[in-house]
Amino acid sequence: MHTKTLLELVQGLRSGEFSSVELTQAFLNRIMQHQHLNAYITVTEEIALENAKAADIRLSNGKAELLTGIPIAQKDIFCTLDVKTTCGSKMLDNFTAPYNATVVEKLNQAGAVMLGKLNMDEFAMGSSNETSYYGVVKNPWNTNTVPGGSSGGSAAAVAARLAVCATGTDTGGSIRQPAALCGITGLKPTYGRVSRYGMIAYASSLDQGGPMTHSAEEAAVMLQTMAGFDEKDSTSVDCPVPDYRAGLNNSLAGLKIGLPKEFFGEGLNSEVASTLEIAINEYSKLGAEIKEISMPNLKLAIPAYYVIAPAECSANLSRFDGVRYGYRCENPVDLTDLYTRSRGEGFGKEVKRRILMGTYALSAGYYDAYYIKAQKVRRLISEDFKNALGEVDVIMGPVTPTTAFGIGEKIGNPIEMYLSDIYTIAINLAGVPAMSIPAGFVAGMPVGLQIIGNYFAEDRLLNIAHQYQQVTDWHQHTPKGFE
Amino acid sequence: MEWETVIGLEIHTQLATQSKIFSGAATAYGAEPNTQACAVDLGLPGVLPVLNEEAVHKAVIFGMAIEAEIAPYSVFARKNYFYPDLPKGYQISQFELPIVGNGHLDIEVDGVSKRIGITRAHLEEDAGKSLHEDFHGLTGIDLNRAGTPLLEIVSEPDMRSAKEAVAYMRKLHELVRYLDICDGNMQEGSFRCDANVSVRPKGQKEFGTRAEIKNINSFKFVEKAINHEIERQIELIENGGKVVQETRLYDSVKDETRSMRSKEEANDYRYFPDPDLLPVFISEEFKAVVKAQLPELPQAKKHRFKDQYALDEENAAILTYSCQLADYFEAVLKASGCEARLCANWITGDLSAALNKAGLEITDSPVSDERLAGLLARISDNTISGKIAKQVFEEMWQSTATADEIIAEKGLKQITDTGAIEAIIDKIIAANPGQVEQYRSGKDKVFAFFVGQVMKEMQGKANPAEVNKMLKVKLNQ
């Protein structure tokens, strides 16, 4: 059952070929069987089976939606009522939210079955899943390599078929980068398309939740449920959600694709580059026009991001102070001791590094030179996207400079680690939507192609990805040992 | 050397909205600790603030009332600091772009009018409360107040004495209650004041170094604390010392200010725009609507009361100090049809005294405007005397009966029957031949004795004017 696509599973459930309980049990068994991947922080077996039973009743009543009875998993950044939500941190190891995130609520309403909570970099800060308090997730394509991050648990679980699909969040590439490294499809929607309520904030102006699936078609189904205005999130946008599956089969004839020369220069692994060339050539065959473009400010994205994101995180993570919930140090002698030891012991190294960077950037005397300057750069980058997307319909490029790197390879060198997000970060700064789709392999490891579109053009991105997936089968490959 | 004092005030007013500024939790005062704090107020992971439009509306009302610039575009910012009763580790406030810009308020001290500049007023959320008693060496946190909307009103350093500062504070207090944007309850912390105080040699242009005095939450304390601080600073300088920029706390028990933290220890709040909230846009149309709905302001109302009702300055000032009192007065006036002065005297006199004694606001008065009007009408038409009216008023205070019911039940109706009065007068004259002799020999003062005796005999119910008239006739016969 686990090799079937989402829509095949829908068929199976509706025709009575198998029940949601059977399907869910099969996935729970697989999770147990492949625990060594460390994709899950919490497996919610009881809830999953309860959800499945309820879904079976709904299916028999004919009141099912597409996701009713489909076993999915949540990145552990989304608050789930009565289920531990850790955000990959020791700080929240004992935290159970008294409410559901809007995304969780919507997926529950649709009848999806929750298998559990997925591993991630601590507070979504990381590109390899190595910063998780719960240990690194292994890439199912080669368990000596990282799955990417921060949604590494989500990507590994979907790739290894330990969930039909999963939620992820993307602040600087955290959906797309692990999707690329694990050979699955990941979509970061336009900022404001998916509610952030209940999604533990890393950098509020950049964070966005989205689907992680095998195919664009599955992503369309999942996004349909996840997207929409939420009155609890002032930054969510009140504009109608289109039918994402309706345009999947539109022709790509005449589609203008822009390739920023800045994306294909130094730093990009040559084998990855040639793999992407073949993929882009596939689009020519589908009738698209390919054009080189220039986005001169892209090179400023990483420095701007590493001011803005840490600045926001330094305030967002202040609430973790050991006073009301979460980790509290033993026997604090006074208030300062309570704060410094609870935070010092509760947060990991990378989180502390970013809090310090952000605190520094916002400090009196540095604010203008760092934060304000970074915001100006951010505007320039947005302008680049606006200009480019006036010239072409979509932008394509790499997701990552290389395929998955080895566990332990970059964790000691933060700058090198930050550079692995060089192609994804600018998109968050601009707020536009982007996808990563499987586009081939280099030495047996998956390569992702990035497709970037205009604001709220998720339907167009899904159409473009789906058309590619109709003529290629990269998204259908399964890592050895997980067939 | 002659010294000049320079004072600027920062006043925090809690806006009287039903729910909090960024959440749906109630703002009512006095609930069980932490029963009015929702997930947003508790700063749980993942929650987001949503702006309460009513708070914005109230801030704009205030801005229009002080003739301030209303920012077409204002921004919420995070003010970062750690404190146990600040759940998020930052306070959502406004920094670079506040909603209300330059405005002013006119005060009057010793009959002289002065204009005080208001630099800005910005919206922010209140913090919770730390409770240090009853926890045996620990601290309790009550987050009911966390997220209550505040409008922080910052004045220019335009005040030159504690008296002026108090006049400004009173004027502002009166204004926010008029506008119905704050309940003004200082005991409950709805209206709180911090004062920036400095001194300089008279004639010097530059300001001296200022100290900020926190936590002065009554008019009395503001005056005392400021005067105390002025003395401290002058004494310090005259003894060769230097004022340091610092935050001082006023201790009302010891009547002194003491240092809380110096400038060096001051927090770097690392303000930056809150990415969870959109900027606030105020349109010209919205401003026009708010302006059209502004109530009559205290100054204008006072002038109108003087002109329209021929009230003296004192009565007009007292009656217009609160909008509710002014409304009460006008309602009594209308319902009773009495002279304005009679209504004013009763409201500022007996009614106010009774309210003060009971610790009640005019809105909680046991004697409604309608019932008081009923009483005053009976004074006007001579049914009862002013003296009897006081007795009836006391009865009304204790019951729900109307003045007419009490007058009828207790038989207090004034006796204007000349036959009955004449009979009593004759009796009194007959019984006091000595006094009659004195009066007739020119001792006019004895007349009061006769009036008193007659009134006593008639249990105060005789119409005093009638008694006077008839006594004069009889005694002069």
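This is a predicted model: local features need pLDDT of at least 70, side-chain atom pairs count only at pLDDT 80 or more; totals for chains, interfaces and linings use all residues.
**Chain A as a whole**

Along the principal axes, the C-alpha atoms of the chain fill a box of roughly 65 × 55 × 45 Å. The radius of gyration of chain A is 21 Å, which agrees with the value near 23 Å that a compact globule of 483 residues would have. Within this chain, 60% of the 483 residues count as buried. Consider next the contacts between residues of chain A at least 6 apart in sequence: 76% of them join residues at least 24 apart.

**Where chain A touches chain B**

Display both chains and select the residues in contact across them. On the side of chain A there are 35 such residues, and they meet 24 residues of chain B. Which elements of chain A give two or more residues to this side? They are helix H9 (301–316), helix H10 (335–346) and helix H11 (349–362) of chain A. Of these, H9(A) gives the most, with three residues. Colouring the side of chain A that touches chain B by residue class will show 19 nonpolar, eight polar and eight charged residues.

**Helix H9 of chain B**

Select residues 369–380 of chain B, which form helix H9. This helix has twelve residues and reaches 16 Å from its first C-alpha to its last, close to the 16 Å expected at 1.5 Å a residue.

Why is H9(B) described as largely enclosed by the rest of the structure? The reason is that nine of its twelve residues are buried. To see them, show the side chains of Asp369(B), Arg371(B), Leu372(B), Ala373(B), Gly374(B), Leu375(B), Leu376(B), Arg378(B) and Ile379(B), which are the buried residues of the helix.

For the last stop, follow the backbone beyond the helix to Asn382(B), where phi is positive, near 65 degrees.

Technical notes
Residues are numbered from 1 along each chain as its sequence is written. Chains are lettered from A and ligands numbered from 1 in the order in which they are written. Helices (H or I, at least four residues) and strands (E, at least two) are DSSP runs, numbered from the N terminus. The expected span of a helix is 1.5 Å times one less than its number of residues. A residue is buried if 20 or more other C-beta atoms lie within 10 Å of its own, exposed if 12 or fewer, and partly exposed in between; C-beta atoms are placed from the backbone. Two residues are in contact if their C-beta atoms, placed from the backbone, lie within 7 Å. Ala, Val, Leu, Ile, Met, Phe, Trp, Tyr, Cys and Pro count as nonpolar, Asp, Glu, Lys and Arg as charged, and the others, Gly among them, as polar. The radius of gyration is taken over C-alpha atoms; the globule rule is 2.2 Å times the number of residues to the power 0.38.
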